[in-house]
Amino acid sequence: MDRDEEQLLRRRVYGADHEHPGPRPDRHYAELIGGPLDGLLLDITGWTPDEADTGVALATELGQFGAGGRAMYDPRPGDPGRWDWTGDAP
C-alpha cells in the first residue's frame, strides 16, 4: 500500500456509520472539495459514467440552508476523483 492509499483509508466517508466512518478498500471514492462537506469521501462504487457526470446534491445541516439543506458537488473536469462544491440548495 502506498502513502496515498494510506491517507485515503484514514478519511471519513459521507453518510457512513459513525462506528465505522472510514473507507473500505473494496470501494471507489471521490473526494469532496470545498463547501460544507470539504474533505469527506463520497462512495461512488457502481455508479455509471452518466450518474457520476451528473454530480450530486447531498443532504447536510452544515450548509447555508441548515437542516434540510443540500450541498451540491460536481466532478472536476479531468480529475473524476475530486468533486468540487458548486453551492448550497434548500
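A: In this predicted model, a search of the whole structure finds one aromatic pair. The partners are Trp47 and Trp83, with ring centres 5.6 Å apart and planes at 70 degrees. An angle over 60 degrees counts as edge-to-face, so this pair is edge-to-face. Trp47 belongs to the loop between S2 and helix H2 (49–54), while Trp83 sits in strand S5, so the contact ties together parts that are 36 residues apart in sequence.

The two residues can also be described by accessibility. Buried means under 20% relative accessible area; Trp83, with a value of 1%, is therefore buried. Trp47 has a relative accessibility of 30% and counts as partly exposed.

Strands of a sheet pair through backbone hydrogen bonds, in either the parallel or the antiparallel sense.

S5 has pairings with S4 and with S1. With strand S4 (residues 70–76), strand S5 (residues 79–89) pairs in the antiparallel sense over seven bridges. Within this pairing, Asp84 in S5 stands opposite Asp74. With S1, S5 pairs in the parallel sense over three bridges. Here Arg82 in S5 is the bridge partner of Glu31.

Glu31 leads on to S2, where Leu41 stands opposite Glu31. S1 and S2 run antiparallel and are joined by three bridges. Strand S1 (residues 29–33) is largely enclosed by the rest of the structure, because four of its five residues are buried.

As for confidence, the protein chain has an average pLDDT of 88, and 89% of the residues score at least 70. Among the elements of the chain, S4, a pairing partner of S5, has the highest mean pLDDT, at 97. The lowest mean, 50, belongs to helix H1 (residues 3–9).

To return to the aromatic pair: the buried Trp83 and the partly exposed Trp47 form an edge-to-face contact between strand S5 and the loop that runs between S2 and helix H2.

Methods. Residues are numbered from 1 along each chain as its sequence is written. This is a predicted model: local features need pLDDT of at least 70, side-chain atom pairs count only at pLDDT 80 or more; totals for chains, interfaces and linings use all residues. Side-chain values use heavy atoms; hydrogens and water are left out. Two strands pair if DSSP finds at least two bridges between them. Helices (H or I, at least four residues) and strands (E, at least two) are DSSP runs, numbered from the N terminus. Rings of Phe, Tyr and Trp (its six-membered ring) pair if their centres lie within 6.5 Å; planes under 30 degrees apart count as stacked, over 60 as edge-to-face and the rest as tilted. Buried means under 20% relative accessible area, exposed over 50%, partly exposed in between (1.4 Å probe, protein chains only). pLDDT is the predictor's confidence in each residue, from 0 to 100.
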